[in-house]
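This briefing goes through a protein model with its ligands, topic by topic. Please look over the sequence and the structure first.

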Amino acid sequence: MLKRAIEIRNIINHSKEIHIVTHIDADGITAGAIASETLKRLGKKYSIECVKQLDDFILNKLTDENHELVWFTDLGSSISTDYPDINKIITDHHTCPKDSNLPFHLNPHLFGLEGAYDISGAGVTYLVSKCIDLKNMDLSALAIVGACGDLQDRKFCKLQGMNREILMDGKSTGVIQNMMDVRYFGRETRPISKLLQYSGDPFIPGLSRREDACVSFLQDLNVRLKDGDYWRKWIDLNKEERQKIISSIAQILLTKGFGHKIAARLIGEIYILSKEKPGTELHDAKEFATLLNSTARYDQYEVGLNVCLGDRDKWLKKACNLLGGHRRNLVEGLQFAKEEKIQKRTFLQFFHAGEGIRDTIIGIVTNMMLNSEDVDSNLPLIGFAYTENGDVKVSARTTHDFVDKGLDLSSALRNAAKELNGIGGGHNIAAGATIPKGKEEEFLDLLEKEIKDQLGL
Ligand code: C5P
Ligand code: C5P
Ligand code: ZN
């Protein structure tokens with residue numbers, strides 16, 4: 001991978017002006033920010049844009065614009081062997097064709113690593129950045145935020161593979177710290193009762209999604225919710241209070257028969273951006289990633305990008321304002337999906353959000369749904385939502401257990417979408433597609449066939 005990174009570095013060195021194209025999620029923004037900052041430090045001219053996916057419209061536009069060099073980050077692998085008129089470099093981690101081992105293409109799958117948890121799009125981009133100048137090692141913090149945004153810590157409750165080497169770079173340059181703590185989202189900024197209310201991995205029967213139950217649970221343990229007007233956060237609790245909460249939740253899980261493996265998921269490695277202020281949305285890598293997801297997924301990628309590039313003033317304020325809307329959309333999206341009811345078929349289950357959930361967050365909602373009490377995790381979950389262009393966005397999620405049995409949603413969605421003149425791809429555990437409206441039923445038939453074949457059923 002490092003050899004390939006050097007090849008890409010040489011292409012960059014020989015170019016005067018570079019156009020970056022990246023993805024709209026946290027990993028995409030951090031990848032784009034690493035690429036921008038690297039080029040800025042090199043004194044190169046550059047521009048950047050953020051896209052939902054690489055469709056014909058974008059690719060034809062890029063071809064017409066005739067850029068000297070296009071740097072695709074956190075996407076691009078799917079077209080690595082196509083569009084020869086676009087002079088390109090690609091730093092991506094999505095599954096890719098075997099014949100795409102080309103001098104301008106860096107992707108972990110080409111080197112025997114797994115793009116779903118060994119390294120993210122931001123991480124791959126960081127490898128090139130570090131290769132250009134060791135001074136760029138401070139950008140490892142953004143690569144860790146990208147990896148957390150893509151849930152790469154989920155399989156082992158900590159980052160692994162190449163992500164660990166990036167973590168070591170972050171530690172040695174003093175930008176990142178790792179420690180063991182509760183894995184729930186919002187350690188620094190969410191009132192403790194909210195942290196429990198929105199818990200998903202592991203889901204706590206009787207507490208998750210139940211506000212009143214979470215408040216009484218904490219009161220019964222004599223954990224103060226507030227200090228005056230101030231809602232206490234997880235980081236404000238003392239060691240004894242934290243231990244009390246964790247062991248009580250573990251007890252609930254064990255009593256309900258969830259087993260030690262699930263209970264152990266309460267604790268995991270968490271990542272702190274040492275240079276950021278504690279108690280802000282930027283200190284914990286997972287919270288930073290969610291802040292970024294609140295920007296580009298709502299057509300405001302420049303907000304997230306400027307925060308990654310160091311703005312702690314106007315752009316950070318804007319990002320924090322967008323965060324409130326994003327949170328509301330997720331809560332409403334989950335509620336909506338629940339009411340829509342999930343329909344089960346033999347090899348998958350699905351729900352159709354229509355216009356009820358934005359196409360840019362249907363993936364997050366599908367993920368959260370699969371983790372919730374009401375959904376059977378023994379079938380892959382498919383979420384549909386309409387796009388502004390009159391197409392249908394598809395998001396698919398499954399579990400590590402199914403991936404271990406041979407399920408690969410990326411190729412399943414790619415093949416099924418292709419049959420219907422759509423596009424799809426992603427990772428084995430999480431994939432997406434866009435298909436024409438009205439083709440949902442046909443798509444599900446094709447997808448079921450793919451899944452059945454993959455699992456040898
Ligand atoms: O496009 P990108 O690779 O950045 O997005 C990765 C997607 O895969 C995210 O939506 C993330 O939630 C999902 N994922 C997951 N479980 C994992 C790894 C990734 O749901 N273990
Ligand atoms: O949009 P969603 O979060 O469901 O996407 C899941 C994964 O599939 C992401 O990694 C995304 O980049 C990828 N994807 C893709 N091609 C598409 C749609 C999504 O590779 N057409
Ligand atoms: Zn990614």
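**Ligand 1 and its shell**

Ligand 1 has 16 residues around it, and Asp25, His94, Asp150, Asn367 and His427 come nearest; a residue is near a molecule if one of its heavy atoms lies within 4 Å of it. The model is a predicted one: local features need pLDDT of at least 70, side-chain atom pairs count only at pLDDT 80 or more, and totals for chains, interfaces and linings use all residues. Residues are numbered from 1 along each chain as its sequence is written, chains are lettered from A and ligands numbered from 1 in the order in which they are written, and side-chain values use heavy atoms, with hydrogens and water left out.

- A polar side-chain atom of histidine 427 is 2.6 Å from an oxygen atom of ligand 1, and one of aspartate 25 is 2.7 Å from an oxygen atom of the ligand.
- Arginine 397 also has a polar side-chain atom 3.2 Å from an oxygen atom of ligand 1.
- On its own, ligand 1 has 470 Å² of accessible area, and the protein covers 91% of it; accessible areas come from the Shrake-Rupley method with a 1.4 Å probe, and for residues only the protein chains shown count as cover.
- The shell is made up of four nonpolar, six polar and six charged residues. Here Ala, Val, Leu, Ile, Met, Phe, Trp, Tyr, Cys and Pro count as nonpolar, Asp, Glu, Lys and Arg as charged, and the others, Gly among them, as polar.
- Ligand 1 lies between domain 1 (2-159) and domain 3 (341-455), because both give residues to its shell. Domain bounds come from an automatic or database domain assignment.

**Ligand 2 and its shell**

- Ligand 2 is surrounded by 16 residues, of which Gln53, His94, Lys393, Ser395 and Arg397 are the closest.
- A polar side-chain atom of lysine 393 lies 2.5 Å from an oxygen atom of ligand 2.
- For histidine 94, an N or O atom of the side chain is 2.8 Å from an oxygen atom of ligand 2.
- Histidine 427 places a polar side-chain atom 3.5 Å from an oxygen atom of ligand 2.
- The protein covers 82% of the 450 Å² of accessible area that ligand 2 has on its own.
- By residue class, the shell of ligand 2 holds four nonpolar, 10 polar and two charged residues.
- Domain 1 (2-159) and domain 3 (341-455) each give at least three residues to this shell. Strands S13, S14 and S15 each supply at least two; helices (H or I, at least four residues) and strands (E, at least two) are DSSP runs, numbered from the N terminus.

- Threonine 95 sits in the loop between strand S4 (88-91) and strand S5 (105-106).
- Its relative accessibility is 17%, so threonine 95 counts as buried; buried means under 20% relative accessible area, exposed over 50%, and partly exposed in between (1.4 Å probe, protein chains only).
- Beyond its neighbours within four places in sequence, threonine 95 is in contact with Ser77, His109, Ser410, Arg414, Gly426 and His427, where contact means heavy atoms within 4.5 Å.
- The side chains of threonine 95 and serine 410 are joined by a polar contact of 2.5 Å. A polar contact is a pair of N or O atoms within 3.5 Å; within protein, one must be able to donate a hydrogen and the other to accept it, and residues adjacent in sequence count only if both atoms are side-chain atoms.
- Serine 410 is one of the buried residues of helix H16 (residues 409-419), along with Leu409, Ser411, Ala412, Leu413, Ala416 and Ala417.
- These buried residues of H16 pack against strand S13 (391-397), strand S14 (423-426), strand S15 (430-436) and helix H17 (440-454).
- At the start of H16, a side-chain oxygen of aspartate 408 comes within 3.0 Å of the backbone nitrogen of serine 410.
- Just after H16, asparagine 421 has a positive phi of about 65°.

**Glutamine 152**

- Glutamine 152 is in the loop between helix H5 (140-149) and helix H6 (162-172), and counts as buried because its relative accessibility is 1%.
- Its side chain makes a polar contact of 2.8 Å with the side chain of asparagine 163.
- A polar atom of the glutamine 152 side chain is 3.1 Å from the backbone nitrogen of serine 120.

**Domains**

- The protein is divided into domain 1 (2-159), domain 2 (191-268) and domain 3 (341-455).
- The centres of domain 2 and domain 3, taken over C-alpha atoms, are 32 Å apart. Their contact takes six residues from domain 2 and four residues from domain 3.
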